Amino acid sequence: MSSSQLTFSIYLLTFAFFLQTIFGVSPPLYNICSGSENFTTNDQYESNLRKLLGNLNYQTPPLGFGLGSVGWYPYQTYGLALCRGDIAAADCKACVNEASNEIHKRCPYDKGAIIWYDNCLLKYSNKDFLGQIDNENWFSLLNVKNVSEPTIFNQKTRELLSQLAKDASFTVKKYGVGELNLGLGESTKLYGLAQCTWDLSTTECFQCLDDAIGQLPSCCDGKQGGRVVGGSCNIRYEIYPFVSA
């Protein structure tokens, strides 16, 4: 995977909702192609990758997470898929299927790639990354609107997300959501989410989420909403509800 840490300053959620309403699809938030090692058409790695993606399409929807590997060195491929903890199995299946098709278009011959959507992420590589924190692949999204009292708002945001990081780390689904009363002019409540891939241990999940929270000042300081998204975990906060009850 790429070692670049990429940050986005434009919040695309409104546009995504527009496309989803018009066309019935939600576009990817972002993707990264490894760019370091490639395979060729019809070689053994491609065959193994197709089997892996098929397995993830079948395995992921019932529980919201799937992982595995196919083949033997030097053609072995490893992968995982994670759906957001609140979405239905049918929506999970649709997202993972779309991710499998789209990543093939965007990274057609890369041995490693990752793609993120609102509802899921899909990741694969020729290197065994399972059970390890992905410290390389990060990006952020933000709401461009500022809050009127950034110091207090930032403190409340960190307070909520830190608690959700603890909650998520100790759950089977590695997923936590919650809300916090603000009492500020923009909104009365702050809503948050924290999630890890299930292959991480409790300690690793908390470490990953804590690292994500640590990136908030550089991406989303004083903003009404924001996300820090990685290959192993992600956090999000908004002043409006954004997950299913």
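The link of Cys208 and Cys233 is left-handed in this predicted model, with -90° about the S-S bond. The sulfur atoms of this disulfide sit 2.1 Å apart. Cys208 belongs to helix 5 (residues 202-214) and Cys233 to strand 10 (residues 233-238), so the bond ties together parts that are 25 residues apart in sequence. Cys208 is buried, at 0% relative accessibility, and Cys233 is buried too, with a relative accessible area of 2%.

Next comes the pair Cys33 and Cys107, joined by a disulfide with an S to S distance of 1.9 Å. This link is left-handed, turning through -75° about the S-S bond.

With -90° about the S-S bond, the link of Cys219 and Cys220 is left-handed. Cys219 has a relative accessible area of 10% and counts as buried; Cys220 is buried as well, at 3% relative accessibility.

Stepping back to the whole structure, a search turns up 6 disulfides. Counting the bonded cysteines along the chain, the pairing reads 1-5, 2-3, 4-6, 7-8, 9-12, 10-11.

How values were computed. Residues are numbered from 1 along each chain as its sequence is written. This is a predicted model: local features need pLDDT of at least 70, side-chain atom pairs count only at pLDDT 80 or more; totals for chains, interfaces and linings use all residues. Side-chain values use heavy atoms; hydrogens and water are left out. A disulfide is a pair of cysteine sulfur atoms within 2.5 Å. Helices (H or I, at least four residues) and strands (E, at least two) are DSSP runs, numbered from the N terminus. Buried means under 20% relative accessible area, exposed over 50%, partly exposed in between (1.4 Å probe, protein chains only).
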